[in-house]
Amino acid sequence: MAKTSLLTTGLNGLVGSKLAQVYADQYDFSNLDISHPTQPTDITNYDQVLAAFENSPAEWVVHFAAFTDVTAAWQQTGDKNGPAYKVNVVGTQNIVKAAEITHKKIIHLSTAFVFDGKKTDLYTESDTPQPIEWYGQTKLEAEQVVQNSQSPWCILRIDFPFRSDAFPRPDIVRKTVANIDKGYPLFTDHHFGPTYIDDFVKVIDWVIRTNQTGLFHASNGESWTDFDFATAIVKAQQLRKEIKSGSLAEYLKTTNRPYQQNTALDCSKLIKAIDFALTPINEALTKVQL
Ligand SMILES: NC(=O)c1ccc[n+]([C@@H]2O[C@H](COP(=O)([O-])OP(=O)(O)OC[C@H]3O[C@@H](n4cnc5c(N)ncnc54)[C@H](OP(=O)(O)O)[C@@H]3O)[C@@H](O)[C@H]2O)c1
């Protein structure tokens, strides 16, 4: 079967590289790659973006690329000339403009960090975003740019992703194991919704196959504390490790850097719509090769 052309940004990142790995036989990927040795494409440069779009027969662009270092972004708060704003907002404006001109549909990756983290329950698609730090702010502005697009769009929000195989940039499972090993306390009052990347790439394929549009929360709908997640990793991986418990509320007294206390996403809209089952997190943790 002929491969489907797919235009992407950020395909070498933690999440995008899994799509490239799993769907190598199905999609013919063309990535706007800032690290390309001879022909780099920077999404903050509109002319480069438009040229890449004009050269691609793809119907869809999957926009993974982002400035994802949340602490570094916080240090740029308010700076619209800083790399976080330029990559996340200006880069997305360029992608959207080029998609409109070349009639491509957009899949945009977003984050639960658009919320303030004060809700005690899971966040749904109808909850109002209210970012509390610069990364979340820039990602929310990017969402708004996509939502105002003339091109058909689908926004997928995820939270703390992890994958079965190891990747050079550590994900939440590898970071948690490193934190246990360092003897750091794992919070019992911080809640999040881990996203199993091996499943999430199937969601992206489903969006393309079934021509979905709109906003979806796309982790897997579960809510975990850091401490319970660490305990589940140790159990699933049969590790002999002591886990220290701690409190985010206490930690927040020692730092100015804001942290959302809860970013777990309600994914019932997605789960009702997809034609495959998401893996429960406890089971996904047994598939991880540390
Ligand atoms: N990781 C998370 O915890 C998390 C959580 C929620 C949502 N998300 C969202 O999921 C998406 C993917 O995240 P990820 O973790 O896979 O990111 P990542 O590993 O940090 O990768 C980001 C990618 O963007 C590329 N990039 C950065 N600046 C660029 C530019 N100016 N032009 C072109 N490409 C550029 C990078 O290229 P190089 O590698 O060549 O520098 C890299 O491939 C992002 O939209 C992120 O906001 C991530």
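**A buried residue and a ligand**

Mentor: Let's start with Asp 205, which sits in helix α7 (residues 197-210). This is a predicted model, where local features need pLDDT of at least 70, side-chain atom pairs count only at pLDDT 80 or more, and totals for chains, interfaces and linings use all residues. Numbering runs from 1 along each chain as its sequence is written, and side-chain values use heavy atoms, with hydrogens and water left out.

Trainee: Is Asp 205 buried or exposed?
Mentor: Buried means under 20% relative accessible area, with a 1.4 Å probe and protein chains only. Asp 205 has 6% relative accessibility, so Asp 205 counts as buried.

Trainee: Which residues does Asp 205 touch, not counting residues up to four places away in sequence?
Mentor: Contact means heavy atoms within 4.5 Å. With residues up to four places away in sequence set aside, Asp 205 touches Tyr 23, Gln 26 and Tyr 27.

Trainee: On to the ligand: which residues come nearest?
Mentor: A residue is near a molecule if one of its heavy atoms lies within 4 Å of it. Of the 24 residues around the ligand, the nearest are Ser 35, Thr 68, Tyr 135, Lys 139 and Arg 169.

Trainee: How far is an N or O atom in the side chain of Ser 35 from an oxygen atom of the ligand?
Mentor: A polar contact is a pair of N or O atoms within 3.5 Å. For Lys 139, a polar side-chain atom lies 2.8 Å from a ligand oxygen. For the side chain of Ser 35, the distance to an oxygen atom of the ligand is 2.4 Å.

Methods
Polar contact = N/O pair within 3.5 Å; in protein donor to acceptor, adjacent residues only side chain to side chain. Helix = DSSP H or I, 4+ residues; strand = E, 2+ residues; numbered from the N terminus. Buried < 20%, exposed > 50% of the residue type's maximum accessible area, 1.4 Å probe, protein only.
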